[in-house]
Amino acid sequence: MAMQTATPLVHLVDDDDDLRHALAQGLELEGVNVAVHDSAAPALERITHEAYAVLVTDIRMPGMDGMALLKSALSIDPTFPVILITGHGDVQMAVDAMRAGAYDFIEKPFQASRLYTVIDRALEKRRLVLENRTLRSELDGHDALSLRLVGRTEGIVRLREQIAMLADTDVDVLVRGETGAGKEVVARALHETGARAKGNFVAINCAAVPADMIEAELFGHEAGAFTGASKQRIGKLEHADGGTVFLDEIESMPLDLQAKILRAIETRTVERLGSNKQIALDIRIVAASKSDLKLESDAGRFRADLYYRLNVVTLDIPSLRERRDDIPLLFFFLARDARARFRREIPEISPLLQAGLMAHDWPGNVRELRNYADRFVLGLWRGFDNSEQNEAAMTPSAGLPLADQMQAFERQVIAAELARHDGALKPTYEALQISRKGLYDKMKRLRIDYIDDDDA
C-alpha cells in the first residue's frame, strides 16, 4: 500500500536560534527530514489532516506558546502527534500537556537520542493513523461487490469486473481456486448482484453428502421411492428454481451421478426418484473445483462431457500468495466483520503483527486469514511466534518466478528482523546494515505497511 506522503517530516519550533539549529542538525544526521520554524504561525500553516509529519515545539515562546500551538494543531487533526519540550517543566505542566493531547513531554536538558526515539515512535504512529484512514475510506467507498471481494490487486479487480459482466446472464460458470480462496463468495456474488437475487441460492458440497444420499438430495424423491422415504421430498435442484445452484467440490461427485447431473444441466429438467414426471427448471449452475478438471478428465476421474458443459465461462480466484498487497486491507475488513459479530473492539494491529501477516504464506487463503482475524479480535492471538516466522522464512514459494521468490525472501527477512526487535525500526535497519530511508523504501516496495484501529 502506498503511503499518503512520500517522506515523513518533523516540524521543529523553537525561538532559540542556537538550540533550534543544534536539534535540527542532530536529527538530520539521524536521517530525519526537518523543517525549522522560529515561531508557531508558520508551522501551524503546514499542519493538515493528511500530513505525514510530527510537531516538536518549545513551550515558552513569544506570541503563541507551545501549549496554544498544541491546541491549535489538535483542532486541525486530533491525532496529530505533538511533542513538547521545555526548560521550565514541572509535574503539573507535564500532566496538563498530556491531558491536552500531547504525544510526549520532554524536559531540558535531554539527550538527542531520547528526542530521536520519541520522534521515531511518533512518526510510526502517524503512519499508522494515515494508513488506517486510507483503509477506512476505501472500505466505506466500495460498492457491494467490492466489499464481497476485497482487494485492489490486478487479479481481484479483474475477477470483480468479470462477475459484474456475468451477473445478469444465465450462463453457467466454473469457479477455480485453492481451498479457502472464496469460491462460494464468488458464486454468491454472481447470484446476489444479478437478476436471480430474489431466487434461492442453493449450495451443495458434493464431497460432504454421502454417495448413497446425494442423488436423492439433488433430485428429490416421491413417497415410497425407497425404504425410509415416507413422504415426498423436493430436491435441491428443484428448490433452486428461479435461482442459482452452487455445486462445490464437484470433482468429488461420483462418476455415475455426473451423467445424471449432466442431463439435468443440459435439459434443465429433473425427475424425482420414484417418478416418471419431468419437472422443468429455471436455474443457473455455478460449479467450483480446487482441482484442474481438465487433468481430472484426462485421467478418467471426471467426465469429459460434463467438464466441457461446465467450462463455458471459467473464473479463476487468485490465492493470497498471488495478491499479498491485499492482505492488510483484507485483514482489516475481516477484523471489522469479527468486531460486529463478537461485539469486541479491534486491538491495535502492531508493526510486528503486520510484518507477520505479510510474510506468512497463507496455505488456507482467505479462510485461514479470517480465522486469524477472529482470534485476534477475541484476544486469543497477537501475532506469529518465532517458530511460525522461521517456518514461513524456510518455506519456498514454489512455482513463482525467481524475482517473486527473491522478493518473498526479502520480505520474510525484514519481517523476521522486525519480529526480533519487537517492531522497532532503528534496531531493525541497524541489524540489516541499511539506512533508515533504505528500510522505508524496502517496506514500501515490499508492501510491509501497518494498520491501526485507534483512529476513528
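Ala, Val, Leu, Ile, Met, Phe, Trp, Tyr, Cys and Pro count here as nonpolar, Asp, Glu, Lys and Arg as charged, and the others, Gly among them, as polar. With that in hand, let's start with the cavity. By class, its lining, in the largest cavity, has 3 nonpolar, 3 polar and 4 charged residues.

Before going on, some ground rules. This is a predicted model, in which local features need pLDDT of at least 70 and side-chain atom pairs count only at pLDDT 80 or more, while totals for chains, interfaces and linings use all residues. Residues are numbered from 1 along each chain as its sequence is written, and side-chain values use heavy atoms, with hydrogens and water left out.

Back to the holes. On a 1 Å grid over the protein atoms alone, a cavity is a set of points where a 1.4 Å probe fits but cannot get out; a pocket is an open set with protein on both sides within 12 Å along at least five of seven lines, and lining residues have an atom within 4 Å of a point. Volume is the space filled by probe spheres set on the points, with grid points joined across faces, edges and corners. The structure holds 1 cavity of 30 Å³ or more, and the largest cavity takes up about 40 Å³. Among the residues lining the largest cavity are Asp-168, Asp-170, Leu-190, His-191 and Arg-284.

Helices (H or I, at least four residues) and strands (E, at least two) are DSSP runs, numbered from the N terminus. The axes of α7 (residues 154-166) and α8 (residues 183-192) come within 8 Å and cross at roughly 35°; axes are lines fitted to C-alpha atoms, for helices over the stretch in contact, and angles run from 0 to 180 degrees between N-to-C directions. On the α7 side, Leu-159, Ile-163 and Leu-166 make the contact (heavy atoms within 4.5 Å), and on the α8 side Val-186, Ala-189 and Leu-190 do. That contact divides into 6 nonpolar, no polar and no charged residues.

The largest pocket has a volume of about 450 Å³, and of its 23 lining residues, Gly-180, Ala-181, Gly-182, Lys-183 and Val-185 lie nearest its centre. Two or more lining residues come from each of α8, β10 (244-248), α14 (327-342) and α16 (365-377). The lining of the largest pocket has 11 nonpolar, 3 polar and 9 charged residues.

The second largest pocket, at about 360 Å³, has 21 lining residues, and Asp-316, Ile-317, Pro-318, Ser-319 and Glu-322 are the closest to its centre. Helix α7 gives the largest share of this lining, 5 residues. By class, the lining of the second largest pocket divides into 4 nonpolar, 8 polar and 9 charged.

Among the contact residues are Phe-331 and Leu-334 in α14 and Leu-369 and Phe-376 in α16. The contact of α14 with α16 divides into 13 nonpolar, no polar and 5 charged residues.

A cis peptide bond joins Lys-108 and Pro-109, with omega about -10°, and Pro-109 sits in the loop between β5 (104-107) and α5 (112-141). Arg-343, in the loop between α14 and α15 (351-359), has a positive phi near 55° in a residue other than glycine.
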